[in-house]
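Reader: I am new to reading protein structures, and I would like to go through this one slowly. Could we take it question by question?

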Amino acid sequence: MSDTSKTSLLALSPRTKQRNAAEKRFRAYGVAAIAIGLLMLTVLVTNIFSRGTGAFQQTFVTVNVELLESKLDKKGNRDLEDIKKVTTFGYNPLIRDSVVAKVEELGIQTDLKAKDLGGILSKGAVGQLREFVIANPDKIGETIEFRFLAQSRVDGYLKGRVHRESIGNDKSISAEQLDLVDQLVDAGVIVKSFNMDFITGADASDQRPEAAGIGVAMLGSLSMMFVVLGLALPIGVAASIYLEEFAPKNRLTDIIEVNISNLAAVPSIVFGILGLAVFINYMHLPTSAPLVGGLVLTLMTLPTIIISTRAALKAVPPSIRDAALGVGASKMQAVFHHVLPLAAPGILTGTIIGLAQALGETAPLLLIGMVGFIASNAPETLADGLLAPNSAMPAQIYEWAKRADPAFYERAWGGIIILLVFLVTMNTLAVILRRRFERRW
Amino acid sequence: MSFVKLTASALAIAAVSATAASARDQVQVAGSSTVLPYASIVAEAFGENFDFPTPVVESGGSSAGLKRFCEGVGENTIDVANASRAIREKEIKACAEAGVTDIIEVRIGYDGIVFASDIAGNSFEFTPSDWFLALSDQIVVDGKLVANPNKTWADVNANFPAQDLQAFIPGTKHGTREVFEDKVILAGCEATGAFEALMHANGEDKKAAEKACISLRTDGVSVDIDGDYTETLARIESNKDGIGVFGLAFYENNTDKLQVATMSGIVPSTESISTGEYPVSRPLFFYVKKAHIGVIPGLKEYAEFFVSDEVAGSDGPLSEYGLVADPELVKTQEAVSAEAVMGGNS
């Protein structure tokens with residue numbers, strides 16, 4: 001007892017000091033953990049943006065193309081069928097000549113052959129030209145100004161991805177071509193500008209990464225989200241209302257409950273295999289269709305929605321139900337008139353988070369044929385959007401990351417930026433909804 | 001009530017879509033990831049030049065593609081399978097059992113397989129023997145079969161620098177692996193005399209000796225890459241000593257990061273492969289279901305377009321991308337337009 005009599009309130013005992021030190025240490029750990037997390041996030045975001053922003057800009061070349069009648073419409077009668085017989089390969093000389101003419105017009109001296117001069121343009125230029133001619137056959141014979149994409153190496157050179165020192169073995173570009181590019185940039189013929197086609201366009205083959213866009217895949221993702229929303233929300237809400245408000249508490253409902261929680265933890269690839277077996281092989285739905293993708297993602301999202309809906313219903317105080325029942329409402333009236341409106345913000349938040357999760361999912365799509373060179377036809381109707389083969393944003397990003405040309409790599413990062421914008425928007429919406437409508441008791 | 005109604009409508013949606021599904025108007029292609037870039041180049045040009053929609057090309061590997069191809073006849077099965085190797089007897093049989101009997105085999109050209117390392121590292125001039133001595137499980141030392149003791153490239157060949165052995169080779173699910181085993185490891189096995197020793201050790205059984213030849217060491221020197229060439233490239237970027245196996249087209253798109261090694265003194269290029277000088281190459285194929293021609297719009301046109309001179313010829317876009325044009329392209333074109341099936345007397 002003599003010990004305690006000596007302690008003062010002002011001087012800390014060793015034990016208190018120890019406890020205080022422990023607390024300080026714990027706080028430091030917490031701050032360190034948050035700092036590490038923030039650091040990782042900064043690294044990730046800066047990485048994504050520094051690599052991906054390039055995809056939103058593209059290099060364009062403006063040239064005047066003479067639409068030679070002798071090449072495009074030999075018979076000269078402007079018959080569309082005859083014009084269509086000229087394939088894109090037949091347009092190559094026109095493209096070549098247009099660059100040669102431009103170089104001559106500017107008075108640039110170069111030893112390059114016509115083929116190498118035309119080579120600074122995208123291989124997709126012929127397609128663009130042919131499409132124009134078929135749409136405007138009356139323009140044959142005239143000289144028209146076109147704005148073509150530059151090929152990916154030229155684009156990379158302007159963006160700093162392709163360097164002069166490292167093109168020694170490259171077959172697609174030569175130092176002389178880069179000299180020409182420098183001169184054309186000075187003359188204002190080659191310019192770098194914002195590329196809307198990346199956001200709205202379709203996928204392109206391995207030879208023309210400069211023309212690839214994520215727009216069609218975005219529509220694929222959108223169609224899938226419609227299916228998920230249209231199926232998962234009503235089914236999920238109906239199931240949770242029944243389980244929470246009406247179902248008797250017995251062994252059967254317990255088993256169902258446990259299984260729903262288990263389902264939420266099932267890896268998404270499993271749903272992909274299930275989708276392949278049931279929807280494609282058994283029900284004969286078309287492969288690569290966003291409808292099937294949507295059905296698979298619905299299965300994946302259902303448990304998330306059910307769990308969050310049940311939590312939201314549980315959070316509504318029983319007094320509200322009791323009051324409704326007390327004034328003579330039927331059980332259904334009590335649920336639909338009083339409980340459900342109060343639980344709605346929670347349900348919506350859960351649904352949006354479930355959708356965001358489904359939007360970023362790639363694994364199940366691998367198995368139902370939504371990865372590859374698929375997103376090349378933009379759907380024309382709603383039914384087309386659901387049934388015609390399409391890809392999805394994360395699947396498109398995965399596909400680009402695999403391709404050989406480094407220019408696709410840049411596009412993969414650009415695609416990630418777009419996907420992130422979508423996810424952040426959805427999550428912000430969920431937060432706003434919760435903030436504005438949530439009630440606490 | 002709402003639950004019943006919803007289930008009913010969900011089922012109705014599924015039923016409606018199932019009937020709508022029976023109207024496919026684009027060609028569906030799946031298979032080898034080596035053929036994928038070529039097939040997508042053709043598909044894109046096909047969509048531009050014809051009134052048919054652009055065909056859908058999925059990847060997944062030769063075996064997976066052929067398996068799906070052999071699932072049966074009908075609009076919910078694929079029309080064309082891409083393969084980086086010829087179809088096997090077993091697969092033809094599986095096809096026939098599912099009712100897929102008339103198969104048109106189309107050889108589109110040749111693909112070179114190259115060995116490449118980091119651009120800043122040492123350069124190499126390989127022979128198949130070097131690769132056998134570097135990667136095989138057992139090699140012959142002083143006339144006796146021993147477990148491979150080589151640690152650096154200098155151990156393998158005195159002309160090489162003392163760089164640690166590290167190889168990234170395609171995993172067994174890739175068609176490329178087979179070519180690597182046949183044209184490099186097996187050739188090296190025979191050239192170094194290990195084949196005879198293994199023949200002897202396996203009781204003169206040729207098959208067993210071949211199998212022993214291509215069994216590679218498992219001590220981490222040779223790493224199987226099951227992913228794509230982009231993964232191999234990433235491995236080399238993180239381990240500068242590594243040497244990877246790539247397709248010619250992939251190397252040609254990444255010449256700023258990779259340097260290519262010669263094989264038996266020949267630099268790989270579309271020219272040296274088409275003349276047959278560069279030894280490590282293989283034919284690429286696609287297979288068409290004859291039963292689908294006339295049912296799926298544009299299928300025959302797609303096949304014909306693929307092998308046309310403008311596309312698969314030596315000046316075409318495929319050759320520009322890295323495909324080695326087939327010298328017998330005319331024969332292939334005739335076979336495609338005649339719809340000559342495999343095993344037929346066409």
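Author: Let us begin with a term that we shall need: two residues are in contact if their C-beta atoms, placed from the backbone, lie within 7 Å. Please keep in mind that this is a predicted model.

Reader: Which residues touch the most other members of the largest nonpolar core, and which residues does B:Tyr287 touch?

Author: The largest nonpolar core holds 202 residues, and those touching the most other members are B:Val42, B:Ile108, B:Phe286 and B:Tyr287. Leaving aside residues up to four places away in sequence, B:Tyr287 touches B:Phe69, B:Val80, B:Ala81, B:Ala83, B:Ile87, B:Ile103, B:Ile104 and B:Glu105.

Reader: Which helix of chain A gives the most to this core, and between which domains of chain A does the core lie?

Author: With 14 residues, helix H11 (residues 215-246) of chain A gives the most to this core. Because both domains of chain A give residues to the core, it lies between domain 1 (56-194) and domain 2 (215-437).

Reader: What is the strand order in the open sheet of 3 strands in chain A, and why is one side of S2 and of S3 left without a neighbour?

Author: The pairing in this open sheet is antiparallel, and the order in chain A is S2-S1-S3. Strands S2 (143-149) and S3 (190-194) of chain A stand at the edges, so one side of each lacks a neighbour in the sheet, for each has a single partner strand.

Reader: What radius of gyration does chain A have?

Author: For 441 residues, a compact globule would have a value near 22 Å, whereas the radius of gyration of chain A is 31 Å.

Key:
Residues are numbered from 1 along each chain as its sequence is written. Chains are lettered from A and ligands numbered from 1 in the order in which they are written. This is a predicted model: local features need pLDDT of at least 70, side-chain atom pairs count only at pLDDT 80 or more; totals for chains, interfaces and linings use all residues. Two strands pair if DSSP finds at least two bridges between them. Helices (H or I, at least four residues) and strands (E, at least two) are DSSP runs, numbered from the N terminus. A nonpolar core is a set of buried Ala, Val, Leu, Ile, Met, Phe, Trp, Tyr and Cys residues joined through C-beta atoms within 7 Å. A residue is buried if 20 or more other C-beta atoms lie within 10 Å of its own, exposed if 12 or fewer, and partly exposed in between; C-beta atoms are placed from the backbone. Domain bounds come from an automatic or database domain assignment. The radius of gyration is taken over C-alpha atoms; the globule rule is 2.2 Å times the number of residues to the power 0.38.
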